[in-house]
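Take a look at the model below.

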Amino acid sequence: MATAATDLKVFKPTDYKAEIHNDWCPGCGDFGILGALQMALAKLQIPPHRVAVISGIGCSGKTPHYMHTYAFHTLHGRVMPSVTAMKLANHELTVIGVGGDGDAYGIGAGHFVNGGRRNLDITYIVFNNDVYALTKGQASPTIQKGMKTKSMPEESIMEAINPILLGLACGYTFVARGYALDTKYLADLIARAIQHRGSALVDVLQTCPTYNDLHTKGYYAETVNGQPRLYKLDDTDYDPVVHNPDDPVEVAQKKAQALLKSQEAGGRIALGVYYQMEVPTYEDYLKKKIPGLREKPLAELDLYHRDITPNLQELM
Ligand code: SF4
């Protein structure tokens with residue numbers, strides 16, 4: 001959940017930008033996602049010192065380096081454990097995980113699953129380019145069966161993971177898809193994900209011109225059957241919101257609707273929010289158990305700063 005600005009400064013996207021050399025390839029979709037994230041934070045006016053961005057390994061893993069916020073570059077596939085720890089230590093921070101499709105849906109799949117169902121108030125942005133780009137473009141879990149990019153010796157013989165379906169199944173309470181080269185709309189989606197109280201997944205179709213010569217800017221700009229391949233759910237009458245979370249029928253219907261939309265036949269791909277439901281978060285439950293958390297975060301409680309010397313001595 002966004003924390004309101006506490007002073008009169010108006011934050012611009014450049015206020016979230018670190019002055020450090022960026023070594024992503026020219027034309028990489030990662031630039032669009034980075035820009036969209038900075039635009040989203042400026043739109044919500046969250047002070048940079050109230051934000052933490054955590055990444056795994058991969059080209060996308062460099063994102064926190066380019067952000068003028070708190071940042072942590074963790075191990076491969078371990079975005080969710082770090083995001084969880086950061087949020088539990090200070091639930092007043094806006095905590096954002098970033099990682100590639102291989103990091104999130106492959107190496108970190110177990111953490112991705114359990115991170116979603118915890119429903120912490122966090123946002124996870126997945127840079128989905130179908131390949132492990134940092135290590136020269138091996139097939140990732142999202143590459144479709146039968147596809148062969150220029151970086152692969154053979155076509156993929158395995159079925160692809162559908163990130164939207166996976167996110168729904170894991171219990172993410174906000175599931176969306178963006179496109180890296182539509183930065184303005186992506187910024188809007190990321191802002192909505194951050195504002196959502198609960199675990200938010202934004203899977204972003206990301207072009208990798210160096211290793212993926214199939215899902216290119218041209219591919220996404222194509223028309224199929226006379227209609228644009230990419231279109232926005234916001235331009236249709238699609239309603240992703242569960243209006244009554246206590247109604248299991250409505251919850252099931254909204255999940256089924258998202259499930260069908262994520263498997264649209266004919267090659268068209270919907271951008272936007274597929275599913276959204278607001279229910280109590282993990283932090284809400286913790287605040288009931290630990291009353292002090294209602295006043296301030298764990299990191300500021302005496303409980304957290306207690307002298308653990310006697311406990312250590314017991315172990316010696
Ligand atoms: Fe971007 Fe691909 Fe280059 Fe990595 S290898 S920086 S994903 S274009």
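Start with how helices are compared: axes are lines fitted to C-alpha atoms, for helices over the stretch in contact, and angles run from 0 to 180 degrees between N-to-C directions. Helices (H or I, at least four residues) and strands (E, at least two) are DSSP runs, numbered from the N terminus. This is a predicted model, where local features need pLDDT of at least 70, side-chain atom pairs count only at pLDDT 80 or more, and totals for chains, interfaces and linings use all residues. Residues are numbered from 1 along each chain as its sequence is written, and side-chain values use heavy atoms, with hydrogens and water left out.

Now find α2 and helix α4 (residues 109–118). Their axes lie 8 Å apart, at an angle of about 30°. That makes α2 roughly parallel to α4 (angles under 35 degrees count as roughly parallel, over 145 as roughly antiparallel, 65 to 115 as roughly perpendicular and the rest as oblique). Met80, Pro81 and Thr84 are the α2 side of the meeting. On α4, the partners are His111, Phe112, Gly115, Gly116 and Arg118. Contact here means heavy atoms within 4.5 Å. By class, this contact of α2 with α4 has 3 nonpolar, 4 polar and 1 charged residues. Ala, Val, Leu, Ile, Met, Phe, Trp, Tyr, Cys and Pro count as nonpolar, Asp, Glu, Lys and Arg as charged, and the others, Gly among them, as polar.

Stay with α4. It also packs with helix α5 (residues 163–170), at an angle of about 50° and with the axes 8 Å apart. That makes α4 oblique to α5. From α4 come Phe112, Val113, Gly116 and Arg117; from α5 come Leu166, Gly167 and Cys170. The residues of this contact divide into 4 nonpolar, 2 polar and 1 charged.

Next, go to helix α1 (residues 30–44) and helix α6 (residues 183–195). They pack at an angle of about 55°, and their axes are 8 Å apart. So α1 is oblique to α6. Their crossing is right-handed (a crossing is left-handed if the near helix is turned anticlockwise from the far one by less than a right angle, and right-handed if clockwise). The α1 residues in contact include Ile33, Leu37 and Leu41. Those of α6 include Leu186, Ile190 and Ile194. The contact of α1 with α6 has 12 nonpolar, 4 polar and 3 charged residues.

Grid points are joined across faces, edges and corners, and a volume is the space filled by probe spheres set on the points.

The largest pocket holds about 490 Å³ of space. It is lined by 25 residues, and the closest to its centre are Gln144, Asn162, Arg177, Ser262 and Ile269. β12 gives the most to this lining, with 3 residues. The lining of the largest pocket has 10 nonpolar, 9 polar and 6 charged residues.

The whole structure has 2 cavities of 30 Å³ or more. About 40 Å³ of space lies in the largest cavity. Its lining is Lys87, Leu88, His91, Glu283, Leu286, Lys287 and Leu293. Here α9 supplies the largest share, 3 residues.

Definitions and conventions:
On a 1 Å grid over the protein atoms alone, a cavity is a set of points where a 1.4 Å probe fits but cannot get out, and a pocket is an open set with protein on both sides within 12 Å along at least five of seven lines; lining residues have an atom within 4 Å of a point.
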